[in-house]
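We'll take a short walk through a few of its features.

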Amino acid sequence: MSEDALVNAGAVAWPQPGAAYVAVRRMQIKLHRWATGDPGRCFGDLFNLVYDPAFLVHAWERVSANKGAQTAGIDKATAAKIEALVGVGAFLGYIRDSLKAGGFRPVEVRQVRIPKGNTGKFRNLGIPTIADRVVQASLKLVLEPVFEADFQPCSYGFRPNRRAHDAIAEIHHLASSPGKYYWVLETDIKACFDEISHTALMDRLRARIKDKRICALVKAFLKAGVLTELGGREETLAGTPQGGILSPLLANIALSALDDHFTRQWQSEMGTPWQREKRRRNGQGNWKLIRYADDLVLMVQGDRHHAETLREQVTAALAPLGLRLAPEKTRVVHIDEGLDFLGYHIRRMRKRGTSRHYVYTKPSRKAIQAIKDKVKAKTYRATRHIGLDELITSLNRALAGWASYFRYGVSKAVFSDIDAFTWGRLMRWIRAKHAGRNRLGLRELRRRFCDQGWRFAWNGAVFTGASSVTVKRYRYRGSNIPTPWTPEPAAAPSG
């Protein structure tokens, strides 16, 4: 959107961010209550909420506070540039007027390729313009409370009040006694965000939303196209480009078909202890789906062949969505062999000194190697121009952030190992930087650069590492995790 297009938006009463948040939350609570109370309700006349001043202001707050706010789309406009040259009120006023008049049209996303870890492969990331991001954020504020009423408890990715640790905790719960779901089908949906069928996605959207303007706007975002790094335009015939604010919600709407399939099966055939026991006596298995975005596992109570047969079920459930499994990431394992899921390694092992077996979760080898590679990059010879205090602060921040995710597991020994590795890298970095004419000995190193024992400290910066993060146990919260819009239960009367 060019700056010339921003005209006088009229006297719109733009609320303050705090007031906008309260108004949006109040409306979201109503939408969620209506959707939960009537599962068959089809919502109409929601488009006016998308361009409501409170929704637009709150959407702008989310977009401008995001780390990607300083990354421009194809119009080269960032949030800071809009604030400085145009003004937030005028910018939101233009968006509001174009939405009301039906003239808003999403533009192509700017495609960038980012590496997928250390695999040598790349992932396509689509960067929308700031205007498109604001409209997507406003759309999400309207649609999310409605569809959260329909999403199943087995889905954890990109949902409010849910996190990866909840999925890990459910796997731990099912694989432990008395559940004994020992066999696991672990798999990944191949190119999920790139191959979702637009037709299947829009059909699931229209099952709840009958406002044609909302549906048309969502479809316009899906069909907006991509501007490649070489400047060529490509049509988007399928998929939801990764990088858009709305994309994770749309992916969950599509993949809820898979969740619904296994939830119906569970409720009708395995929902009670008596049903599960009867199936076991008849040589049948029981299973539960756990999904985080496009990563999923099926926990199986039975034998290996029960888990093997589930591949066909998953494949058949994904086929109408235009999706397929990644063969190289699909396998059946026993919990005693262990599996890697969301960065954790989950495995049942014998507790040392006893004959009892327990399920343990700890950082996977891949996750450990990833943080070690990051430490190597920060302590490489090319970084010797920076100050030691700056390097220590940077390492502390990276290690504490990594450890905060993996603190909910058997991670204490791993954290100590990571710190020892980092200490060694830091020691060699200091000795190389301050080598001078003579090699810096360890005694001199300790005298000049350590404060307590062998702990590095310089100019107020002290190396604390991953061990500064306390290891905790993450409690399994069950299947009834409240949404942000779920009313709190009334307090019991006293006396």
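Predicted model: local features only at pLDDT ≥ 70, side-chain atom pairs only at ≥ 80, totals over all residues.

Residues are numbered from 1 along each chain as its sequence is written, and side-chain values use heavy atoms, with hydrogens and water left out.

Let's begin with two helices (DSSP runs of H or I, at least four residues, numbered from the N terminus; strands are runs of E, at least two). The axes of α9 (residues 198–206) and α11 (residues 247–270) come within 9 Å and cross at roughly 85 degrees. Such axes are lines fitted to C-alpha atoms over the stretch in contact, with angles from 0 to 180 degrees between N-to-C directions. Ala, Val, Leu, Ile, Met, Phe, Trp, Tyr, Cys and Pro count as nonpolar, Asp, Glu, Lys and Arg as charged, and the others, Gly among them, as polar.

Helix α11 turns up again at the largest cavity, where α6 (130–148), α10 (212–222) and α11 each give two or more residues to the lining. A cavity is a set of points on a 1 Å grid over the protein atoms alone where a 1.4 Å probe fits but cannot get out, and lining residues have an atom within 4 Å of a point. The space in this one is about 130 Å³, a volume being what is filled by probe spheres set on the points. Val109, Gln136, Phe221, Pro241 and Ser247 are the closest to its centre among the 16 lining residues.

Now for the second largest pocket, an open set of points with protein on both sides within 12 Å along at least five of seven lines. It holds about 910 Å³ of space and is lined by 38 residues. Helix α7 supplies the largest share, eight residues. The lining divides into 17 nonpolar, 12 polar and nine charged residues.

Last stop: Lys412, in helix α16 (residues 412–433). Is Lys412 buried or exposed? At 65% relative accessibility, Lys412 counts as exposed, the cut-off being over 50%, with buried under 20% and partly exposed in between (1.4 Å probe, protein chains only).
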